[in-house]
Amino acid sequence: SGGLNVTTRDLARVGQMILNRGKVENEQVLPPEVFDFISNRDMRTQFLASGQEKKEEYKKGWSYANQFWWTNN
């Protein structure tokens, strides 16, 4: 658990790096396997067991893992 304090520009750069699976310009700064681990996780079973999906503010089918909300669709 922690926080992130960045400028809008830097956060956009992080987002672009995520979209590019760890590449910044032509340099691979994080291994692509990191993004496979982050994005290929179906956490619906664990999310349902937590009782979170029963709360009205959460949409059915969503789950949370690795600091990201997933729609699982």
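Helices here are DSSP runs of H or I of at least four residues, numbered from the N terminus. With that convention in place, α1 is followed by Arg21, a residue whose phi is positive, near 55°. Colleagues, please bear in mind throughout that this is a predicted model.

The protein chain contains three helices and four strands. Read along the sequence, these elements follow the pattern α-β-β-α-α-β-β. The chain has 73 residues, and buried residues make up 14% of them. Its accessible surface comes to about 6,100 Å², and carbon and sulfur atoms account for 53% of that area. As for contacts with a separation of 6 or more, 19% are between residues 24 or more positions apart.

I turn now to helix α1, which covers residues 8–19. The helix has 12 residues, and the distance from its first C-alpha to its last is 16 Å, close to the 16 Å expected at 1.5 Å a residue.

Thr7 counts as partly exposed, because its relative accessible area is 43%, between the limits of 20% and 50%. A polar atom of the Thr7 side chain lies 3.1 Å from the backbone nitrogen of Asp10.

How many salt bridges does the structure hold? There are two. In one of them, the side chains of Arg9 and Asp10 meet, with an N to O distance of 3.5 Å. In the other, Arg13 pairs with Asp10, and the closest N and O atoms are again 3.5 Å apart. Both pairs qualify because the cut-off between nitrogen and carboxyl oxygen is 4 Å.

The positions along the helix deserve a remark. Arg13 and Asp10 both lie in α1, three residues apart, which is about one turn of the helix. Is Arg9 buried or exposed? Arg9 is exposed, because its relative accessible area of 54% is over the 50% limit. Asp10, in contrast, counts as partly exposed, at 27% relative accessibility.

Next, the nonpolar surface. Which residues form a nonpolar patch there? They are Leu4, Val6, Leu11, Val14 and Ile18, and together they present about 410 Å² of accessible area. Leu4 is placed in the segment before α1, and at 65% relative accessibility Leu4 counts as exposed.

At the end of the helix numbering we come to Leu19, which is found in α1. Leu19 is exposed, because its 67% relative accessibility is over 50%. The C-alpha atoms of Leu19 and Phe35 are separated by 9.2 Å, while the two residues are 16 residues apart along the chain.

Finally, I return to backbone geometry. Where does Arg21 sit? Arg21 is in the loop between α1 and β1, the latter being residues 23–24. Its phi, near 55°, is a positive value in a residue other than glycine. Arg21 counts as partly exposed, at 34% relative accessibility.

A second residue of this kind is Glu25, with phi also near 55° and likewise a residue other than glycine. Glu25 is found in the loop between β1 and β2, where β2 comprises residues 27–28. At 75% relative accessibility, Glu25 counts as exposed.

Thank you for your attention.

Note on methods:
Residues numbered from 1 in each chain as written. Predicted model: local features only at pLDDT ≥ 70, side-chain atom pairs only at ≥ 80, totals over all residues. Heavy atoms only, no water. Buried < 20%, exposed > 50% of the residue type's maximum accessible area, 1.4 Å probe, protein only. Helix = DSSP H or I, 4+ residues; strand = E, 2+ residues; numbered from the N terminus. Patch = residues over 30% accessible without salt bridge, like charges linked within 9 Å, V, L, I, M, F, W, Y side chains within 5 Å. Areas by Shrake-Rupley, 256 points an atom, 1.4 Å probe, with all protein chains shown as cover. Contact = heavy atoms within 4.5 Å. Polar contact = N/O pair within 3.5 Å; in protein donor to acceptor, adjacent residues only side chain to side chain. Expected span 1.5 Å × (residues − 1).
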